[in-house]
Amino acid sequence: MKKIVVLGGGYGGVLTAKKLAKNFKKNTDVQIQLIDRNPYHTLLTELHEVAANRTPEDAVKIDLKKIFAGLKVDVILDEIENIDFTERSLKGKQAAYAYDYLVIGTGSKPTFFGIPGAQENSYTLWSYDDAVRLKDRFRQMFTEAAKESDLAVRREKLSFVVVGAGFTGVELIGEMAEYRSELCREFYIDPSEVRMIVADMAPKILPLLPDKLIAKSERYLKKLDIEIITGKQITGVSETGVELGDQKLTARTVIWTAGVEGAEILDKLDVQQKGRKRIETNDKLQSLDHENVYVVGDNIFFIPEGEERPVPQMVENAEHAAPLIAHNITADIKGGTKKSYKPAFHGMMVSIGSRYGVASVGLPGKFFSLTGFFAMFAKHAINVLYLFTVLGFNKVWTYLMHEIFHAHDRRTFLGGHFSKRSPNFWLVPLRVFVGWMWLHEGWDKLQKVIDDPNNIFLIPPDPNADVVSAASEAVGNVASTVDAQTAASAVENAGQAVQAIPVPGFVSDMVSSMMDLMFYSGDGGYTWLATAFQVGMVAAEIIFGLMLIAGLFSAIASIATIGMGLMIWSSGMAPTDMWWYWFSAFALIGGSGSIFGLDYYVLPWLKKHWKKTWFAKRWYLYTD
């Protein structure tokens, strides 16, 4: 039995464990364990959204056992205090864990550079708990300031300083500026009383971005009434502010985002380290001291061939490193050639609030800049791709709900147009009416089918056959606005003055070819498929009509009626009345059956049992 232990449930640890589980899914001689002190994986790049109350707290957490449900990975909750590389054992608070191969992905923590008072008097943003603590702090300060009579103290409580103007600091201050508007409305505070500052010892903000994007970011921050201070040495932090040389910025809330270093456990490890406690590796991402120890994510210190700097501490580094480490461990166990780490980073992006962002993306040597809507779209698209690899449909659905459809206070890059919600009970009368119309039309047609099953009246006659008698019959059947085939047949064959919705020529040609192939016989009659199609259409009108009336699977029924209408239209037989059927059905898709309908009872029951099935758990095909 080979034992592989992945230490850390961050980006690198989760992706490495998933790749290993895939590589060894049929191998019973390999055991994979992932150890973390928290039961969840944290989306560190989205913490600012929780801190500034844009998304709910659970938006940045993913249950580790949910991630690995149905996979060959044992999730162990423990805090590892030391690693004995000689004995190949990890010492935790709960137990000891032996390993044959170890992947270290413990991540980073904030570093304070020895600045007096910084660690004691600052808030940080590097964990789920940090984000929740900050959100509570913002509300607390506005609550106290609203009741404060001393103007000097009031100003201090309404002043906020973010130390560090890198990605984390700028994203946080941008979100804070939007949250300020909400809190000012709630506590009746004039926004001009609130002071927000981002300060850095570096000469400019976001130093990894091109100067053009830096300039645009500065302009947008100033538009949000955020002060920018750069190139100032930070000499101390107290309970009432930040000292910049002989200058002091008074504020009761100081947030430190000025840098990171390796996690605490790295202090105790006998491995070669560089650059704020990062473990030196070779090109296979193995520790220089231990061949069976691999390093992933922020813990890597490796300078690729031809580069001058080590790989950056960013999510994309973890995404590139994880599959390579999984491949190399697999090669160790099964035999094969190991790969060298040659990452090709695709750029970086930063959001400044919910509506604006900047990005420098592309391929090495071919980067281009994005701003505003396009940068935010790219950011969300990349997040969706990552979340799909981690928790598939389940987390992607949740992410889109939080970021677009259920966004708080209209704070989305789409301006909140998709997040405006209204009670579904207003749609109940429309749902019942549309359902009744489909049921009524289907029931009328059913009588004709029963009277003469061989009478095909929902498909136009073969245009190449003698259609005089068919046209005469079609004229007699023009009685229903939804009997679109009959109406259009009358239009085409009997010259009746009924207007049909126009159909593009290429659509008509495709439909005609399909009908010639499936519905028309060589003698100008109809095939058995035509009869089956007609019976199916009639049954569908009745079934979907009943489903809408009862509010049972109303979204499916609504989409199905749109599909039936499109089938009628594509054959050139849809009367103009079909427009309102389409638009009404479209309005009913969004859960209209959850009020005064069976969906209110059936969907929760199905969700409860469906998510327990091995298939749904394995492929994450459920919503929370």
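Select Lys157 to begin: this lysine is buried, as its relative accessible area is 10%. Here buried means under 20% relative accessible area, exposed means over 50%, and partly exposed is anything in between (1.4 Å probe, protein chains only). Before going on, note that this is a predicted model, where local features need pLDDT of at least 70, side-chain atom pairs count only at pLDDT 80 or more, and totals for chains, interfaces and linings use all residues. Residues are numbered from 1 along each chain as its sequence is written, and side-chain values use heavy atoms, with hydrogens and water left out.

A salt bridge here is a side-chain nitrogen of Lys or Arg within 4 Å of a carboxyl oxygen of Asp or Glu. Helices are DSSP runs (H or I, at least four residues), as are strands (E, at least two), and both are numbered from the N terminus. Glu144 counts as partly exposed, at 27% relative accessibility.

Stay on H5 and pick Arg133 and Asp130. They form a salt bridge too, with the closest N and O atoms 2.9 Å apart. Why are they about one helical turn apart? Because they sit three residues apart in helix H5, which covers residues 128-147. Is Asp130 buried or exposed? Asp130 is buried, with a relative accessible area of 9%, and Arg133 is partly exposed at 43%.

Next stop: Lys338 and Asp332. Their side chains meet in a salt bridge at 2.9 Å, N to O. Lys338 is partly exposed at 25% relative accessibility, and Asp332 is partly exposed as well, at 29%.

Select Phe393, Trp397, Trp610, Trp614, Phe615, Trp619 and Leu621, and show the surface: they make a nonpolar patch of about 780 Å². Patches are built from residues with over 30% relative accessible area and no salt bridge, joining like charges within 9 Å and nonpolar side chains (Val, Leu, Ile, Met, Phe, Trp, Tyr) within 5 Å. Which helix gives the most to the patch? H19, with three residues. Colour H10 (372-405) and H19 (614-619) to see the helices that each supply at least two patch residues. Leu621 lies in the segment after H19, and Leu621 is partly exposed at 33% relative accessible area.

Finally, zoom out to the whole chain. There are 19 helices and 26 strands, and the C-alpha trace spans about 95 × 70 × 50 Å along its principal axes. Of the 624 residues, 50% are buried. Counting contacts (heavy atoms within 4.5 Å), residues 24 or more positions apart account for 66% of those with a separation of 6 or more.

Technical notes
Areas by Shrake-Rupley, 256 points an atom, 1.4 Å probe, with all protein chains shown as cover.
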